[in-house]
Amino acid sequence: MERLGFSKKWINLIMDCISTLSFSIIINGAAKCLIHPQRGLRQGCPLSPYLFLLCAEVFSNLMVQAERQNLIHGLRFGRDISITHLLFADDSLVFTRASVNDCKQLKKVFDCYAQASGQIFNYEKSSMFFSGKISKGQTTTIKNIFQLNVVSRHEKYLGLPSMVGRKRTSFFNDVKLKVLSKISNWQHKFFSSGSKETLIKAVAQAIPAYAMSVFKIHIGLCNDIQRVVARFWWGSKGDKRGMHWEK
């Protein structure tokens, strides 16, 4: 906090909140056992997210400094754009060149941050992904540096795929299936026009809207979802087709 320019008075105030923390346990309606935690603020404290952001800023600056010193080399887009890390809450994506020297320097950055902050990287829940041009021998050497599992592709993150190839239609077919599943459960129930409108806007349209906020979904998939929603709105059931009014 001193390096970031916070005043000494403010730093002392924050440290008092951390070091003088205590809480007790209610047993049979009475507070018992005054506890003084040894690891700072408890989980759920309103001050915790702000302190975590300060720690994350330190890690981000360490990565930027290492790249400026040519110790690591991030993912490049053109001549002027380079990305070494992306942070979302307590999840991190780190990009570097698949060389032994870069990976050793990156490991030093991890160790430096862990020693300074007291936070430890969870290597058991982390994994590495290599491009197809990296040899197996080089992959094994780098794997031994970090002691991480190597995956052929990353799994979904927050319900969305981490990587999307050229076959977007088949990849996002799960989005259409979720909409179909919701609407099929509604077909055998009686809803008023207002109830249908609420279900469509709050549920059916919200499913693809979340994916479309990140990825550009194929127009054919959007048309399929639109037809399913329209049939539900106009009362089509099985072989019975409702009349689609056009404005």
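Helices in this predicted model are DSSP runs of H or I that hold at least four residues, numbered from the N terminus. Just after one of them, α3, residue G118 takes a positive phi of about 85°.

Helix α3 itself comprises the 18 residues 100–117; at 1.5 Å a residue these should span 26 Å, and the end C-alpha atoms are 26 Å apart, so expectation and model agree. Buried positions in α3 are D102, C103, Q105, L106, V109, F110 and Y113. Viewed down the helix axis, these buried residues fall within an arc of 165° and therefore line one face of α3. An α-helix has 3.6 residues a turn, so residues three or four places apart point the same way. The exposed residues K108 and Q115 are carried on the face of α3 turned away from the buried side. The packing partners of the buried residues of α3 are α2 (48–68), β6 (91–94) and α4 (136–146).

The largest nonpolar core has 16 residues, and those with the most contacts inside it are I183, W186, I225, V229 and F232. At least two residues of this core are supplied by each of α6 (173–186), α7 (193–204) and α9 (219–233). Helix α9 provides the largest share, 5 residues. When neighbours within four places in sequence are left aside, W186 is in contact with F191, L199, V203, A204 and F232.

Key: Residues are numbered from 1 along each chain as its sequence is written. This is a predicted model: local features need pLDDT of at least 70, side-chain atom pairs count only at pLDDT 80 or more; totals for chains, interfaces and linings use all residues. Side-chain values use heavy atoms; hydrogens and water are left out. The expected span of a helix is 1.5 Å times one less than its number of residues. Buried means under 20% relative accessible area, exposed over 50%, partly exposed in between (1.4 Å probe, protein chains only). The arc is that of the directions from the helix axis to the C-beta atoms. Contact means heavy atoms within 4.5 Å. A nonpolar core is a set of buried Ala, Val, Leu, Ile, Met, Phe, Trp, Tyr and Cys residues joined through side-chain atoms within 4.5 Å.
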